[in-house]
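Student: I would like to learn how to read local features in a model. Can you take me through them one by one?

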Amino acid sequence: RESDHRAWTPVTYTVTRQNATVQGLIQGKAYFFRIAAENIIGMGPFTETTKEILIRDPITVPDRPEDLEVKAVTKNSVTLTWNPPKYNGGSDITMYVLESRLIGKDKFHKVTKEKMLDRKFTVEGLKEGDTYEFRVSACNIVGQGKPSFCTKPITCKDEIAPPTLDLDFRDKLIVRVGEAFSLTGRYSGKPAPKVTWLKDDIVVKEDDRIKIKTTPTTLCLGIVKSVREDTGRYCVTVENSTGSRKGFCQVHVVDRPSPPVGPVIFDEVFKDHMVVSWKPPLDDGGSEITNYIIEKKDTHKDLWMPVTSATVKTTCKIPKLLEGREYQIRIYAENLYGISDPLISDEMKAKDRFRVPDAPEQPIIKDVTKDSAVVVWNKPYDGGKPITNYIVEKKETMATRWVKATKDPIFPGTKFKVPDLLEGCQYEFRVSAENEIGVGDPSPPSKPIFARDPIAKPSPPVNPEAVDKTKNSVDLSWQPPRHDGNGKIIGYLIEFQKVGDEGWKQANLTADSCPETNYKVTGLTEGLTYKFRVKAVNAAGESDPAHVPDPVEVKDRLEPPELILDANMAREQHVKAGDTLRLSAVIKGVPFPKVTWKKEDHEVSPKADIEVTGVGSKLEIRNTVHEDGGMYSLTVENPAGSKTVSVKVVVLDKPGPPRNLNVSDVRSDSCYLTWMEPEDDGGSVITNYVVERKDVASAQWVAISSSSKKRSHMAKYLMEGTQYLFRVAAENQYGRGPYVETLKPIKAIDPLHPPGPPKNLHHVDVDKTEVSLVWNRPDRDGGAEITGYLVEYQEDGADEWTKFQTVPMLDCVVTGL
């Protein structure tokens with residue numbers, strides 16, 4: 001039975017001798033055996049083996065070791081290696097015996113130590129130049145086996161072989177952060193080379209992560225849990241006395257990038273979009289950044305919204321923003337190995353933050369010549385974006401269109417020499433600033449300048465003299481200087497000095513207050529004597545003074561008033577109604593006379609504007625009416641006398657209404673109109689009258705005459721029985737005056753007369769108290785149908801007739817007699 005089973009298995013039933021061979025056992029398993037004797041009566045008891053028996057082959061000495069090789073030879077040593085025998089004889093190898101024989105000798109000598117189990121041994125203490133051969137035997141518990149085949153004869157001398165290097169890695173290796181990598185290879189060389197590892201020309205040292213393992217034939221550099229700093233150019237050097245070999249590998253330890261470098265810069269901010277920029281990550285993870293992922297978030301919400309994931313630039317436009325909302329921007333960098341942690345911006349409100357630059361202040365013009373001028377200005381506020389250009393424009397003062405002074409950019413300087421000016425023309429200049437948003441408003445125009453070469457001071461004025469004086473003033477006059485110094489004469493400065501004094505006083509403070517060649521010096525003291533002098537002034541400065549030749553004594557000079565009448569002060573002045581009446585005259589006299597205007601010896605109307613200057617007076621009435629006509633007088637008076645002039649003013653206007661409109665000779669188809677001329681003919685002859693009529697039932701007036709010069713008219717073609725109104729207006733060359741109208745309607749009917757007497761009155765019957773009368777119609781009815789007959793009676797001898805009654809017919813009975 002097997003040692004680990006309980007069941008017995010029969011091997012044979014009949015064995016007559018005292019031994020047996022058991023077949024079919026399995027090598028390596030342990031068995032128990034038992035035997036029982038049997039006779040004709042039966043089987044006896046079994047006898048078992050006392051211990052288990054392991055089935056294996058019989059034990060012999062080992063076979064000969066294999067592959068005995070010489071690995072290294074020096075001048076006094078030989079290093080050998082070998083492999084174990086194919087069969088160990090059924091028992092474990094207990095030791096190896098290495099033997100050597102000097103060539104020329106017969107015997108081998110044991111060179112190994114006792115109990116050597118290593119299969120490598122260096123035989124030392126040999127003599128340089130001797131030749132040896134070696135063999136090795138294996139021993140087990142049975143004994144020493146056959147020796148191996150002998151090596152070739154080996155002469156003790158140093159072997160030289162240049163290093164060789166066979167690497168298992170390529171020139172480039174890419175490793176993910178956290179992964180391990182190793183650089184391995186094989187090498188050889190005699191004598192044994194020295195192996196050195198370098199990273200970026202620095203010797204690699206072992207630590208917890210970096211392991212270096214070198215055998216006589218293999219080399220290995222291993223790194224566990226690689227980090228980005230392990231990226232570099234690795235070099236292994238194999239070197240002995242005969243030379244060296246090097247192997248290189250560029251190791252890239254790659255990872256996802258580090259976050260983009262902040263802060264996020266808001267380059268442009270508008271109400272509906274922003275433009276942001278950032279800096280690339282400090283570490284791209286060892287792989288080029290493939291794109292950036294940009295997201296936006298309204299700070300009132302928790303949701304990040306994608307903007308783009310396809311940009312490789314470090315700038316991005318953030319669109320579709322709501323004005324006034326605050327936003328944050330989140331930016332990731334991505335490479336082939338993953339996405340970085342985010343860079344998150346500060347909050348930024350969506351509103352227009354940048355604009356075009358402000359307008360510069362008014363520029364200053366310097367260094368003017370006949371064809372150029374230098375424009376100087378101050379930098380304005382740039383609107384939030386740097387100014388990139390200035391635009392200088394010029395225009396002639398009287399022109400309307402501005403022209404650019406140059407097409408080239410002007411930056412960063414704030415002055416520019418404008419060329420190509422026309423000599424003598426007056427120019428203005430203005431400046432605009434430009435940034436990337438656009439061009440700002442232009443500055444106010446500069447002060448006008450004339451394109452002229454620089455000017456010098458003028459020469460003195462010519463021939464100054466005192467032309468008039470009063471008790472407190474002196475009038476001076478002079479001629480312009482002969483040379484203006486190429487500059488316009490701005491004006492003149494007048495100075496005076498009291499005789500006996502040393503200092504000069506200024507009569508006027510600025511030259512532009514006296515642009516003409518005359519001036520009245522006032523505020524002088526009556527009876528004193530003064531000297532006077534005049535200086536001309538241009539932009540370059542003051543001329544030398546020109547002196548009035550003789551001192552002047554200040555006192556009144558009397559001249560009677562004098563009137564020089566203008567054309568509108570002729571004896572009679574006609575003016576059309578609605579126009580402006582102007583009366584004026586030049587007045588002379590020393591002292592200047594008092595001026596009085598009157599109309600018909602009364603004050604003039606308050607609507608009249610009266611102006612008195614130092615040389616004359618003017619009366620002006622706007623929108624004249626007829627009542628403004630009349631006799632106007634102008635009186636001037638001073639201590640030396642007085643003078644008066646008069647002018648008749650006729651205000652020409654439309655005539656007034658005609659007077660005393662009368663209607664007579666009314667017929668059934670006509671009537672006769674008469675009237676008198678207007679009281680006021682408007683200052684012009686009545687040219688004609690306009691006559692109109694109107695049916696009282698109609699709203700329309702109808703003209704029946706518009707050219708009659710007479711003051712009567714026969715109105716014809718009336719409709720009998722229709723009631724009419726009539727009106728008349730007068731016309732002159734200035735228009736038609738108001739109408740005069742009949743007071744009550746006129747009916748178109750012929751005039752009526754009493755009828756004639758009835759004919760053939762006689763009685764046809766008489767009674768004591770009544771009489772029956774008859775008669776015939778009269779010969780004429782007076783223009784209207786007879787409506788009845790009045791019957792009267794009279795007692796004989798009486799004076800009065802008594803009315804009886806009116807009857808319609810041609811008969812009547814008079815009763816009550």
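Tutor: We will go through a sheet, ring contacts, backbone geometry and a record. This is a predicted model, in which local features need pLDDT of at least 70, side-chain atom pairs count only at pLDDT 80 or more, and totals for chains, interfaces and linings use all residues. Residues are numbered from 1 along each chain as its sequence is written, and side-chain values use heavy atoms, with hydrogens and water left out.

Student: In what order do the strands of the open sheet run?

Tutor: Strands of a sheet pair through backbone hydrogen bonds, either parallel or antiparallel. Here the order is S5-S6-S9, three strands with antiparallel pairing. Strands are DSSP runs of E, at least two residues, and helices are runs of H or I, at least four; both are numbered from the N terminus. Two strands pair if DSSP finds at least two bridges between them.

Student: Which strands stand at the edges?

Tutor: S5 (66-73) and S9 (120-124) do. Each has a single partner strand, so one side of each is left without a neighbour in the sheet. From one strand to the next, the twist averages 25 degrees. Axes for such angles are lines fitted to C-alpha atoms, and the angles run from 0 to 180 degrees between N-to-C directions.

Student: How many bridges join S6 and S9?

Tutor: Five, in the antiparallel sense, with S6 covering residues 77-83. Take Thr81: its bridge partner in S9 is Lys120.

Student: Now the rings. How many aromatic pairs does the whole structure hold?

Tutor: The search finds 14. Rings of Phe, Tyr and Trp (its six-membered ring) pair if their centres lie within 6.5 Å; planes under 30 degrees apart are stacked, over 60 edge-to-face, and the rest tilted. Trp675 and Tyr689 have ring centres 5.6 Å apart and planes at 65 degrees, so this pair is edge-to-face. Trp675 lies in strand S57 (residues 671-676) and Tyr689 in strand S58 (residues 688-695), so the pair ties together parts 14 residues apart in sequence.

Student: Are Trp675 and Tyr689 buried or exposed?

Tutor: Both are buried. The cut-offs are under 20% relative accessible area for buried, over 50% for exposed, and partly exposed in between (1.4 Å probe, protein chains only). Elsewhere, ring pairs link Trp377, Tyr390 and Phe411 into a cluster.

Student: Which charged residue lies over the face of Trp504?

Tutor: Arg533, at 4.3 Å from the ring centre. The test is NZ of Lys or CZ of Arg within 6 Å of the ring centre and within 35 degrees of the ring normal. Trp701 has a charge over its ring too: the charged end of Arg727, 4.3 Å from the centre.

Student: Where is there a cis peptide bond?

Tutor: Check omega. From Lys190 to Pro191 the bond is cis, with omega near -10 degrees. Pro191 is in the loop between strand S14 (181-190) and strand S15 (194-199).

Student: What is the phi of Tyr717?

Tutor: Positive, about 60 degrees, although Tyr717 is not a glycine. Tyr717 sits in the loop between strand S60 (712-715) and strand S61 (723-732). Its relative accessibility is 70%, so Tyr717 counts as exposed. Asn760 also has a positive phi of about 60 degrees, but lies in strand S65 (residues 759-766).

Student: Which residues does UniProt list for "domain: Ig-like"?

Tutor: The unreviewed entry lists 163-252 and 561-646. UniProt positions use the numbering here, feature names are shortened, and annotations may be inferred rather than shown by experiment. In the model, residues 163-252 are 0% helix and 64% strand, with end C-alpha atoms 28 Å apart. Residues 561-646 are 0% helix and 62% strand, with ends 16 Å apart by C-alpha.
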